[in-house]
Amino acid sequence: MTTYLKESFARGGRPHGRSPSGAVAPPAAPHPGPPAPGALAAKVRTMAPSMTRSMQRVAETVAGDPAGCAQLTVTGLAERTGTSEATVVRTSRMLGFPGYRDLRLALAGLAAQQESGAAPAVTADIAVDDPIADVVAKLAHDERQTLADTAAGLDTVQVEAAVNALAAARRVDVYGVGASALVSLDLAQKLLRIGMIAHAHADPHLAVTNAVQLRAGDVAIAITHSGRTVDVIEPLRVAFDHGATTIAITGRPDGEVAQYADHVLTTSTARESELRPAAMSSRTSQLLVVDCLFIGVAQRRYESAAPALAASYEALAHRHSPRPR
């Protein structure tokens, strides 16, 4: 089974073999077309870590100067970035475009959008001696950009498929460690409040022993920014092997976690810095995805979700009432 998974992943697709019983899942939904011009920069930020250095130069150049690059031929862009024409074409395809011509059209559209809008007044770079007012402004801008990038890059077909699986689930297990453990707890408690059976597992041993109990009709969710956190991948693999529907929320859709995920939801993060590592910036985008999943599930289970939410509010109301004098 593991060998097949690795071979399938190497070909660029997630496996369709599903359970020890031999059941086969339907083919994955077709990937959406090229990103819209406004989503191009987000796509570059998401895919850059998995590119070669030469491809990164091409991607960062087109995202940094869309207007200038839109005027260049494939040869011109190769010369500007010190790469080859083949590298330019490969980068275009990795960003979701059939070829460089399509990328140029998107760059022209992005340039037009940027020309009509105001540029951000602050950057995400935070210095050790920045006054707190600047820190607030920079972080606010950074958070907005992270959320916008995540929303632009999310595959809504995958989101809807994940929501449908969750809405019909008998039981939901969520795996996350470190900062991602906080996000897994957030999703689990949200689902619990609408009457679903959901558990968040930060202990990798407990996560695996619980994953063994999952079956078809259950859902397992792994949250990992890097896509290669062993403590999260292992329980997801076990859940996958036992026939559960599996979902990965990750900033690296090409990471190992995707090998065992039926549905991959890609997050975006702001640039890392000494004072703000990935663990902080990734949480923002993960929470957006979690909220999208929760709202989608609540919509589909509204008849039972609404009374469950009302009951939970009522049960806690006395704890929020003013104390009698």
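1. Helices (H or I, at least four residues) and strands (E, at least two) are taken here as DSSP runs, numbered from the N terminus. With that convention, Leu-166 has its place in helix α9, which spans residues 156-167. Residues are numbered from 1 along each chain as its sequence is written. This is a predicted model, in which local features need pLDDT of at least 70 and side-chain atom pairs count only at pLDDT 80 or more, whereas totals for chains, interfaces and linings use all residues, and side-chain values use heavy atoms, with hydrogens and water left out.

2. On the overall make-up, the protein chain has 14 helices and five strands. If contact means heavy atoms within 4.5 Å, then among contacts between residues at least 6 apart in sequence, 70% join residues at least 24 apart.

3. The five strands form an open sheet in the order β2-β1-β3-β4-β5, with parallel pairing, where two strands pair if DSSP finds at least two bridges between them. Because β2 (198-201) and β5 stand at the edges with a single partner strand each, one side of each is left without a neighbour in the sheet. The twist averages 15° from one strand to the next; for this and the other angles below, axes are lines fitted to C-alpha atoms, for helices over the stretch in contact, and angles run from 0 to 180 degrees between N-to-C directions.

4. Two of the strand pairings can be followed residue by residue. Strand β1 (residues 172-175) runs parallel to β2 and is joined to β2 by four bridges, with Val-172 standing opposite Ala-198 in β2. Strand β3 (residues 219-224) likewise runs parallel to β4, through six bridges, and here Thr-224 stands opposite Thr-250 in β4. Strand β4 is mostly covered, since five of its six residues are buried.

5. Helix α10 (residues 179-193) lies across β1, β2 and β3, running at about 170° to β2. Helix α11 (residues 204-211) packs on the sheet and touches β1 and β2, its direction making about 150° with that of β1.

6. Returning to Leu-166, which residues is Leu-166 in contact with, leaving aside its neighbours within four places in sequence? They are Val-172, Met-196, Val-219, Ile-221, Ile-247, Leu-293 and Val-297. Leu-166 and Met-196 are 30 residues apart in sequence and 9.5 Å apart in space, C-alpha to C-alpha. Leu-166 is buried, with a relative accessible area of 0%.

7. Helix α6 (residues 85-94) has a crossing with helix α3 (residues 53-64), in which the two axes come within 9 Å and cross at roughly 70°. The helices α3 and α6 are therefore roughly perpendicular to each other (angles under 35 degrees count as roughly parallel, over 145 as roughly antiparallel, 65 to 115 as roughly perpendicular and the rest as oblique). In this contact, Ser-54, Met-55, Val-58 and Ala-59 of α3 meet Thr-87, Val-88, Arg-90, Thr-91 and Met-94 of α6. By class, the contact has five nonpolar, three polar and one charged residues, where Ala, Val, Leu, Ile, Met, Phe, Trp, Tyr, Cys and Pro count as nonpolar, Asp, Glu, Lys and Arg as charged, and the others, Gly among them, as polar.

8. The axes of α5 and α6 come within 8 Å and cross at roughly 100°, which makes α5 roughly perpendicular to α6. Here Val-74, Thr-75, Leu-77 and Ala-78 in α5 meet Glu-85, Val-88 and Val-89 in α6, and the residues divide into five nonpolar, one polar and one charged. Just after α5, Gly-82 takes a positive phi of about 65°.

9. A last point concerns aromatic rings. Rings of Phe, Tyr and Trp (its six-membered ring) pair if their centres lie within 6.5 Å, with planes under 30 degrees apart counted as stacked, over 60 as edge-to-face and the rest as tilted. By this rule there is one aromatic pair: Phe-240 and Tyr-260 are edge-to-face, at 6.3 Å centre to centre and 70° between the planes. The pair links distant parts of the chain, with Phe-240 in helix α12 (residues 230-241) and Tyr-260 in the loop between β4 (245-250) and β5 (263-266), 20 residues apart. Phe-240 is buried, with a relative accessible area of 1%, and Tyr-260 is buried as well, with 4%.

Note on methods. Buried means under 20% relative accessible area, exposed over 50%, partly exposed in between (1.4 Å probe, protein chains only).
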